[in-house]
Amino acid sequence: VSTQSTGSEVRDHPQMWTPRILHVDFPYINDRHRGKPFCIVYLHTIQWDNKNAMGILKLNLCRQESSNWDDLNLFPVEPVFVGRPGGRKEDDGVLMAPVFNAITQDSELYIWDAGTMKVVARLSSPIRIPWTNHGMWMDADSEF
């Protein structure tokens, strides 16, 4: 299945469930499920095919379903999941990550619907944010 979202691809990967080499890192889950059973994990991906890109992969481990987002010459940082206040589903919320564009040398904050993996917002930055590996989200009442 392939749908278009602001020029980026969102697609299912049924082949994910057969043995193969998968280049992922930085797993992230809904914080409400830390230390508890969970099904959904979000991962940072590296495209080793002919794309010059990195992406974000959503795996539903319980249903053996997956979808991802990637786009040519775009490099997202490790995504963070921000749950919708009062959300009931494990993927009810958004993913956020700065994304560096290798062509324009600009950075934007991308926000994806965590359920559909479609981009719902892109916020420009007045400064260039270089690509880094890690990201973090903390609620206002976090004790970090």
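I count rings of Phe, Tyr and Trp (its six-membered ring) as a pair if their centres lie within 6.5 Å; planes under 30 degrees apart are stacked, over 60 edge-to-face, and the rest tilted. This is a predicted model, where local features need pLDDT of at least 70 and side-chain atom pairs count only at pLDDT 80 or more, while totals for chains, interfaces and linings use all residues. Residues are numbered from 1 along each chain as its sequence is written, and side-chain values use heavy atoms, with hydrogens and water left out.

**Rings.** I got 4 aromatic pairs by the ring rule. I looked at Trp69 and Trp112: their ring centres are 5.1 Å apart and their planes sit at 65°, so I log the pair as edge-to-face. Trp69 is in strand β6 (residues 65-70) and Trp112 in strand β10 (residues 107-113), so this pair ties together parts 43 residues apart in sequence. Strands here are DSSP runs of E, at least two residues, numbered from the N terminus.

Then I checked Tyr110 with Trp112, and that pair is tilted, at 5.6 Å centre to centre and 35° between planes. Trp69, Tyr110 and Trp112 form one aromatic cluster.

**Burial.** Buried or exposed? I find Trp69 and Trp112 buried, and Tyr110 is buried too (under 20% relative accessible area, 1.4 Å probe, protein chains only).

**Charge on a ring.** I found the charged end of Arg34 over the ring of Tyr28, 5.7 Å from its centre (the rule wants CZ of Arg within 6 Å of the ring centre and within 35 degrees of the ring normal).

**Whole chain.** I see 0 helices and 11 strands. Buried residues are 41% of the 144 in the chain.

Key:
Helices (H or I, at least four residues) and strands (E, at least two) are DSSP runs, numbered from the N terminus. Buried means under 20% relative accessible area, exposed over 50%, partly exposed in between (1.4 Å probe, protein chains only).
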